[in-house]
Amino acid sequence: MSITPPKAGWYNEPVDKVELLWVGIALVWALIMFAMMPLWHLKGTQNMSNEAYRIHPEAFQAKVDEMVEKYKVGEEGKVQTPVVRPPAGSDVYLLARLWEWYPVLELEQGKSYRLHLSSLDWQHGFSVQPANINLQVHPGIDEVVTITPTTSGDFGIICNEYCGIGHHTMLGKIRVVAAK
Amino acid sequence: MVAKPVFRTCGLTGLKIHDEAEKLIKANAVVAIVVLAVGGLFGLLVALTRWPSVHLLPADLFYLALTAHGIDILIVWCIFFEVALMYFASAILLGSRLAAPKMGWVAFALMVLGAVITNWKVLEGNSSVMMTSYVPMQADPLFYVGLILFAVGALIACFIFLGTLVVAKAEKTYEGSIPLVTFGALVACIIAVYTIASGAIILIPTFLWSIGLIGHIDPLMYKVVWWGMGHSSQQINVAAHIAVWYAIAAILFGAKPLSEKVSRMAYLTYVFFLQIASAHHLLVEPGLSSSYKIFNTSYGMYLAVLGSMIHGLTVPGCIEAAQRKKGFNKGLFEWLRKAPWGNPVFSGMFLSLIMFGFLGGISGVTMGVEQINIMIHNTIYVPGHFHGTVAVGTTLAFMAITYFLVPALWQREIMFPGLAKLQPYLFGLGMGVFSLFMMGAGTLGVSRRHWDMAFSDAPHAFSHAPAAYLMMGVVGISAVVAVVGGALFVLIIVCSVFFGNPIKATAPAPAPSPVASYGSEEHASVPGTFTLALLFLTMFVLYYFVNWKYLASTWLMS
């Protein structure tokens, strides 16, 4: 039994065919799963970028402010968050802090943007819904993701990394305008 | 002077039981169950708050209860029970004295003290930092001190376990190799040692930072090391509860492993390939390379997953072989139909085995894919997954073996046998549904650790799909069912331990032969188990690729 010492020579006892077959099947499946990840990096269209830089929160804030000044098209929401409409292909900055996402981004469907994410204080979670894209946002790291919205409409940015008592009020917005 | 160790022979199993070991096992198990009750109560409060139409607690208390629930269940309950299991698997199964029982009490005291301090600080309300306590969010310094004391205690317990293996070997209390269950506990112990070391490496500097002696803890570095504890501690659970499955198969059915060699090799894959698997929690983190993430999250090309898939065949397989030998040979599944479904030791174990594989296992591997994690990270899918592993897997398995430990160690009958029969089903199925629907809601984007899915006080508006609300309602209801099951467990066990009818020590059962007569089950045919395994694989493959397809439909990212 499994709760008593096995008899001597257990190591040399034959293994049943069914057990060997299962080990083989499971091994093949394990290797297929392993191959899928690098393969998706080559062929797939949803991958984590490996581009990130150390940045001071003030430096990041300055970049956000610069973008807001340049491309602001309006204000929106209870606290009059600026709405910016940066040109397609440009560097877009989104800032997370206790407890807001700043600013509101207006993007064009089917166009690519270099999205920069960083936090001014604690960690936050960038969760675009209902597109269901979830990325971690750190203070001191400028994370660059090339993103192409394929659906249009208003998307919520939920903070899904717990960040204190106001965590559940931290909701931002991305608007994707349909391609003309 | 060292007192001569005192032994008794168990009237139920014939095992030779060291008095001091028995006391320590009882103490650790009792504290574990008390913590399960406390942590479970916090869990109920959390679930009743996330049930949208109940929304019980205010936000601050919700985050407090969630922090306490996470620490008490994921860390304190599991590890206390595992310490009891390690002492059982070494001293009792090997018929040996426990090495350094006095140190065992020191370990116990440190763990209790640590757990009390951390809980006290959380309940005070200034340490609602979640179990993960990600910096730069800061808790009360004593919050970290409590965790460190607890870890030191657990580490001492690990070394007592290892010491007992040495003592048993030296004093020749057994011959040949250690039993498979002890081997499983050894694997759990090895994982525990590097888990606890990771915890110490990160929590000690974090404590120094919280009292102002260190200026800065890098948040990314914190996570890489912290998850060396956080994730690996759940792998202690897996190694331990698989040992419990094998133990129960042996206790109830006299089952021999289909092959000692294969089962032990499967355990060895854990030692070789689990590594310090932090990446599961860092897949969508900036600043870490994809190659690190891919190797680490796959446990070394999924070779440790291979180990679990092997146990998935060999555990039910050894039960099938034993049952067929007793004549339950009709068709594919007579062995399973005629199993003792009314005995909570069996029903708890088998529900744990099935649901751990189908719910926790499949979802865990799928969400641990680097790219698929983009759709899942920090959604409520994540707790859905780990309730499928820790609650219906580990906790249910530990509950099942407790129904055996009470008569064996406390020598008391289980009280309320009718309720005991029902208990694993209430807890197991309640938790199963709970886990499944959390995963469903997570797929719809509902966030974990979040007080208000309606975002009433947010600067902008966003509404989740109505289906997400419906699923969170089911989550609430099933949590209540599971908590009733959990409360029944605590009630039955506490009552049995204190008021159960003493089991009369009649003629002691014959002691197991010191010269072991057991090896692998030879030429066993297990067609039923193989069919179940193929069903599992089919579900696994389908679910895995459905998620890739779902990923391909979202925005493009690179």
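Start by selecting chain B: buried residues make up 61% of its 558 residues, where buried means that 20 or more other C-beta atoms lie within 10 Å of a residue's own, exposed means 12 or fewer, partly exposed covers what is in between, and C-beta atoms are placed from the backbone. You are looking at a predicted model, in which local features need pLDDT of at least 70, side-chain atom pairs count only at pLDDT 80 or more, and totals for chains, interfaces and linings use all residues. Residues are numbered from 1 along each chain as its sequence is written, while chains are lettered from A and ligands numbered from 1 in the order in which they are written.

**Chain B, the overview**

Switch to a cartoon and you'll find 15 helices and 3 strands in chain B. Helices (H or I, at least four residues) and strands (E, at least two) are DSSP runs, numbered from the N terminus. The radius of gyration of chain B is 23 Å, close to the 24 Å that the globule rule gives for 558 residues, so chain B is as compact as a globular protein of that length. That radius is taken over C-alpha atoms, and the rule is 2.2 Å times the number of residues to the power 0.38.

Now for contacts, which here means two residues whose C-beta atoms, placed from the backbone, lie within 7 Å. Take those in chain B between residues at least 6 apart in sequence: 85% of them join residues at least 24 apart.

Next, color by pLDDT, the predictor's confidence in each residue, from 0 to 100. Chain B averages 93, and 96% of the residues score at least 70. Then select residues 510–517 of chain B, where pLDDT stays under 50; the model has 16 contacts beyond four places in sequence for this stretch. The model itself scores ipTM 0.96 and pTM 0.96.

**Helices in chain B**

Select 141–170 of chain B, which is helix H4: at 1.5 Å a residue its 30 residues should span 44 Å, and the end C-alpha atoms are 44 Å apart, which agrees. The expected span is 1.5 Å times one less than the number of residues in the helix. Lys172(B) follows H4(B) and has a positive phi, near 50°.

Move on to 180–210 of chain B, helix H5. Its 31 residues should span 45 Å at 1.5 Å a residue, and its end C-alpha atoms are 44 Å apart, which agrees. Just after H5(B), click on Gly212(B), which takes a positive phi of about 90°.

Then go to helix H6 (residues 219–253) of chain B and pick out Ala240(B). Is Ala240(B) buried or exposed? Ala240(B) counts as buried, because it has 26 C-beta neighbours inside 10 Å. Leaving out residues up to four places away in sequence, Ala240(B) touches Glu82(B), Leu85(B), Ala185(B) and Ala188(B).

**Where the chains meet**

Show both chains. The contact takes 78 residues from chain A and 93 residues from chain B. On the chain A side, H1(A) gives the most, with 17 residues. By class, that side has 40 nonpolar, 29 polar and 9 charged residues; Ala, Val, Leu, Ile, Met, Phe, Trp, Tyr, Cys and Pro count as nonpolar, Asp, Glu, Lys and Arg as charged, and the others, Gly among them, as polar.

Zoom in on E10(A) and strand E3 (residues 556–557) of chain B, which run antiparallel and are joined by 2 bridges. Two strands pair if DSSP finds at least two bridges between them. Here Ile147(A) has Met557(B) as its bridge partner in E3(B).

**Strands in chain A**

From E10(A), step across to E7(A): 5 bridges join the two, again antiparallel. Arg114(A) is bridged to Thr146(A) in E10(A). Strand E7 (residues 113–119) of chain A is mostly covered, with 6 of its 7 residues buried. E7(A) also pairs with strand E4 (residues 91–97) of chain A, in the parallel sense over 6 bridges, and Leu95(A) stands opposite Ser118(A) there.

Last stop: strands E2 (residues 72–76) and E3 (residues 81–84) of chain A, paired in the antiparallel sense over 4 bridges. Gly74(A) stands opposite Val83(A). The two strands form a hairpin with 4 residues between them, and Gly77(A) in the turn has a positive phi of about 90°.
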